Amino acid sequence: PGDLVASKQAAINQACLVAFTALRMPPLLAEPGSENDWTHMLLSDASGQLAAELREMYADFQRELREFEARCDEFNNAAATKPFPHCWGLYTVNPRWLEI
């Protein structure tokens with residue numbers, strides 16, 4: 001009494017709404033200047049120019065993600081040759097499949 005708690009039906013309805021209306025987000029990995037490049041979201045100065053430092057940080061971030069992507073691919077490709085229980089790839093952490 002006195003608590004505000006939703007019913008199981010309300011929880012299921014909310015879960016279905018979230019599941020069926022989820023919009024795709026831009027991929028985490030992006031080539032500079034591509035449609036997936038989200039540098040326009042970074043802070044710019046009063047003239048609308050992106051600071052060189054931010055552009056460099058974003059390029060470094062993308063480079064490091066590409067390096068990690070290569071390491072994930074290498075691990076996943078070698079996973080089938082490893083003994084159980086280490087014979088499974090780690091696809092959920094590969095930046096190629098992640099969205100922002």
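**Charge, shape and helices of the predicted model**

The protein carries 8 positive and 14 negative side chains. The centres of these two sets lie 8 Å apart. The model is predicted.

Overall dimensions were examined next. The radius of gyration is 21 Å, whereas a compact globule of 100 residues would have one near 13 Å. Along the principal axes, the C-alpha atoms fill a box of roughly 60 × 55 × 25 Å. Burial was computed for the 100 residues of the protein, and 16% of them count as buried. The exposed surface comes to about 8300 Å². Carbon and sulfur atoms supply 63% of that surface. Among contacts with a separation of 6 or more, 46% are made by residues 24 or more positions apart.

The secondary structure consists of two helices and zero strands. Helix H1 covers residues 8-21. Helix H2 covers residues 52-79, a run of 28 residues. At 1.5 Å a residue, H2 should span 40 Å. The buried residues of H2 are Tyr58, Gln62, Leu65, Glu69, Cys72, Asn76 and Ala79.

Gln62 was followed in detail. This residue is found in helix H2. Its relative accessibility is 6%, and Gln62 therefore counts as buried, the cut-off being under 20%. Leaving aside residues up to four places away in sequence, Gln62 touches Leu28, Leu29 and Ala30. Pro26 lies 36 residues from Gln62 along the chain. The C-alpha atoms of Gln62 and Pro26 are separated by 14 Å.

Ala46 provides a case from outside the helices. This residue is found in the loop between H1 and H2. Its relative accessible area is 90%, so Ala46 is exposed; the cut-off for that class is over 50%. Ala46 and Ala11 are 35 residues apart in sequence. In space, their C-alpha atoms are 45 Å apart. Gln62 is thus buried at 6% relative accessibility, while Ala46 is exposed at 90%.

The peptide bond from Phe84 to Pro85 is cis. Its omega is near 5°.

How values were computed: Residues numbered from 1 in each chain as written. Predicted model: local features only at pLDDT ≥ 70, side-chain atom pairs only at ≥ 80, totals over all residues. Heavy atoms only, no water. Helix = DSSP H or I, 4+ residues; strand = E, 2+ residues; numbered from the N terminus. Rg over C-alpha atoms; globule rule 2.2 N^0.38 Å. Buried < 20%, exposed > 50% of the residue type's maximum accessible area, 1.4 Å probe, protein only. Contact = heavy atoms within 4.5 Å. Areas by Shrake-Rupley, 256 points an atom, 1.4 Å probe, with all protein chains shown as cover. Lys, Arg positive; Asp, Glu negative; His and termini not counted. Charge placed at Lys NZ, Arg CZ, Asp CG, Glu CD. Expected span 1.5 Å × (residues − 1).
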